[in-house]
Structure formats: C-alpha cells, structure tokens
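Please look over the sequence and the fold before reading on.

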Amino acid sequence: MPQIRPVSDLRNHFAEITQEIQATGKPVFLTKNGAGSIVVMSMEAYEQGLYESEVYTKLMEAEVEAYDPDTPWATHDEVMSSLENLLARCESAEGKRA
C-alpha cells in the first residue's frame, strides 16, 4: 500500500520521511489540499527507474526495427562469422601493440 501524506509533512517530518524512504525503498506520495502533488523517492530508486525506462525504450526500438521489412537480416552463420572476424582483428591489433 502506498504511503500517502500531506505535503506539510515534508517540512515538519523530513527526517522521518527520509528514513522511511531509505528503509523501504518505496516512494512517498505527498498531497496538497487532498489532491496528489509530488512524489518523493530515494536517489537509487529514481536512477533504477531511469535505467529501466531506457532499457524498455531500447527494447521497443529493437522490436519496431525487427518488424521493419527494409531491415536487413543475417543468418546465424553470417553473424557468427562476422563476430569471429571482428574478434580476430581485435586480437591482431592487440598483438601489434604488445
């Protein structure tokens, strides 16, 4: 169940709210005049949400691209051969630097 508190609690009970958010990892929803106003969450939860959003966006882009009829497709053997060639070039470049 979400934690819902009046926005005045942020000023009057900041330490308590901060401790609760850090302990549970869950956001606190603050209301003003009975209506939702802001959400307070830990920095870790915020960054995790940004990361997940970015991953979901990339997955959606990949899915759209996969269904695009103009997108070139490669067989498993073509992909593996290309990766083996790339790996060989990288190993060769490393050997020349040593």
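Ser42 has a relative accessible area of 6%, and because a residue counts as buried under 20%, Ser42 is classed as buried. This is a predicted model, and the accessibility value is computed from it. Ser42 lies in the loop that links β3 to α3, the helix of residues 43-67. Leaving aside residues up to four places away in sequence, Ser42 is in contact with Ile21 and Gln22.

Helix α2 spans residues 14-24 and packs on the sheet, where it touches β1, β2 and β3. The direction of helix α2 makes about 165° with that of β1.

The sheet itself is open and has three strands in the order β1-β2-β3, with mixed pairing. Its edge strands are β1 (3-6) and β3 (35-40), each of which pairs on one side only. From one strand to the next, the twist averages 35°.

Strands of a sheet pair through backbone hydrogen bonds, in either a parallel or an antiparallel manner. Here β2, made of residues 28-32, pairs with β3 in the antiparallel sense, over five bridges. Within this part of the sheet, Val28 stands opposite Val40 of β3.

A last point is the confidence of the prediction. The average pLDDT of the chain is 92, and 99% of the residues score at least 70. Among the elements of the chain, β2 has the highest mean pLDDT, at 96. The lowest mean, 91, belongs to helix α4, which covers residues 76-97.

Methods: Residues are numbered from 1 along each chain as its sequence is written. This is a predicted model: local features need pLDDT of at least 70, side-chain atom pairs count only at pLDDT 80 or more; totals for chains, interfaces and linings use all residues. Side-chain values use heavy atoms; hydrogens and water are left out. Two strands pair if DSSP finds at least two bridges between them. Helices (H or I, at least four residues) and strands (E, at least two) are DSSP runs, numbered from the N terminus. Axes are lines fitted to C-alpha atoms, for helices over the stretch in contact, and angles run from 0 to 180 degrees between N-to-C directions. Contact means heavy atoms within 4.5 Å. pLDDT is the predictor's confidence in each residue, from 0 to 100. Buried means under 20% relative accessible area, exposed over 50%, partly exposed in between (1.4 Å probe, protein chains only).
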